[in-house]
Amino acid sequence: MKIKAMNGFLLAMLILPMVACVSTKKFDALQAEKDALAASLASVEAQVKQLQQQNEKLNMEKNQLSEDLSGVKSQLNDTETRVAAVQSEVNDKQTQIDRLMREIRAAFADIEGAVSSTGERVKEIEDALYIDMKDTINFRTASAAISAEDQEALDRIATMLKEHPNLHLVIEGNADKRSINNANFKDNWELSAARSIAVVRKLIDMGVDPAQLTAAGRAEFNPTADGIDALDKNRRIELMVMPKIGTLYKVSKEK
């Protein structure tokens with residue numbers, strides 16, 4: 001019995017160190033695993049914190065971009081409003097321009113029709129428009145009488161006015177530079193006006209509407225040629241055309 005008890009004791013003494021050794025290794029392994037997990041958890045937590053910080057930064061940037069986008073949209077709306085206002089103004093101006101162009105064409109339509117149908121031309125003198133007659137009506141010195149050779153020119157003028165009833169002509173009488181003062185005419189103003197009136201009356205006798213005619217005198221102050229040999233060329237009439245520009249003036253004053 002004593003021997004068996006002794007053997008049991010010895011066996012226990014041998015097993016206990018082995019068990020203790022195994023438990024220590026397992027503990028160390030578990031501790032190492034725990035430490036590794038703790039380190040891994042710390043790393044993950046650090047990554048999570050970093051991601052949270054990045055997320056907060058992105059949210060701030062998103063909010064800033066949203067504000068910027070809102071500002072851009074507001075500016076865009078303002079710009080579109082201004083563009084619409086400018087476009088409306090441009091359209092209004094274009095409407096006025098179109099109307100003015102129609103009025104211009106209408107104002108000069110009778111003139112263009114008259115000169116094109118008779119083969120005459122329009123000339124500009126001192127910002128006024130005149131019909132450039134192939135052969136004008138000339139007068140003798142100190143006279144306002146119309147000669148027989150002027151009948152052809154009178155016929156063309158009368159035909160032009162009767163075919164274009166909206167055409168208005170100012171018959172301008174002219175004199176040469178020599179002064180006059182006699183029983184008939186006090187000066188060249190009276191002489192040039194008398195020449196104009198003589199032509200106006202002749203045209204009315206030929207059937208022209210008096211409302212289409214205006215008589216005017218220019219005395220010697222509208223010469224067409226210079227020199228003593230050109231005196232007869234200045235004893236003449238000119239046909240100034242009168243465009244209907246009253247509407248043009250009204251349109252030009254519109255804002």
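Hi everyone, let's start at strand β5 (237-241): Ile237, Leu239 and Val241 point one way from the strand, Glu238 and Met240 point the other way, and all are buried. Buried here means under 20% relative accessible area, exposed means over 50%, and partly exposed is in between, with a 1.4 Å probe and protein chains only. Helices (H or I, at least four residues) and strands (E, at least two) are DSSP runs, numbered from the N terminus.

A word on the model: it is predicted, so local features need pLDDT of at least 70 and side-chain atom pairs count only at pLDDT 80 or more, while totals for chains, interfaces and linings use all residues. Residues are numbered from 1 along each chain as its sequence is written, and side-chain values use heavy atoms, leaving out hydrogens and water.

Which strands pair with β5? Strand β2 (residues 128-132) runs antiparallel to β5 and is joined to it by two bridges, with Ile131 partnering Leu239. Strand β3 is also antiparallel to β5, through five bridges, and there Leu169 stands opposite Val241. Pairing takes at least two DSSP bridges between the strands.

Now the inside. A nonpolar core is a set of buried Ala, Val, Leu, Ile, Met, Phe, Trp, Tyr and Cys residues joined through side-chain atoms within 4.5 Å. In the largest one, with 21 residues, Leu169, Ile171 and Leu203 touch the most other members. Two or more residues come from each of α2 (151-163), β3 (169-173), α3 (188-205) and β5, and α2 gives the most, with six. A second, separate core of five residues includes Ala144, Ile180, Phe185 and Leu191.

How does α2 sit? Its buried residues are Ala153, Leu154, Ile157, Ala158, Met160 and Leu161.

Last, the aromatics. Rings of Phe, Tyr and Trp (its six-membered ring) pair if their centres lie within 6.5 Å; planes under 30 degrees apart are stacked, over 60 edge-to-face, and the rest tilted. That gives one aromatic pair: Trp189 and Phe221 have ring centres 5.6 Å apart and planes at 35°, so the pair is tilted. Trp189 is in helix α3 and Phe221 in the loop between β4 (213-217) and α4 (231-234), 32 residues apart. Trp189 counts as partly exposed at 45% relative accessibility, and Phe221 as exposed at 52%.
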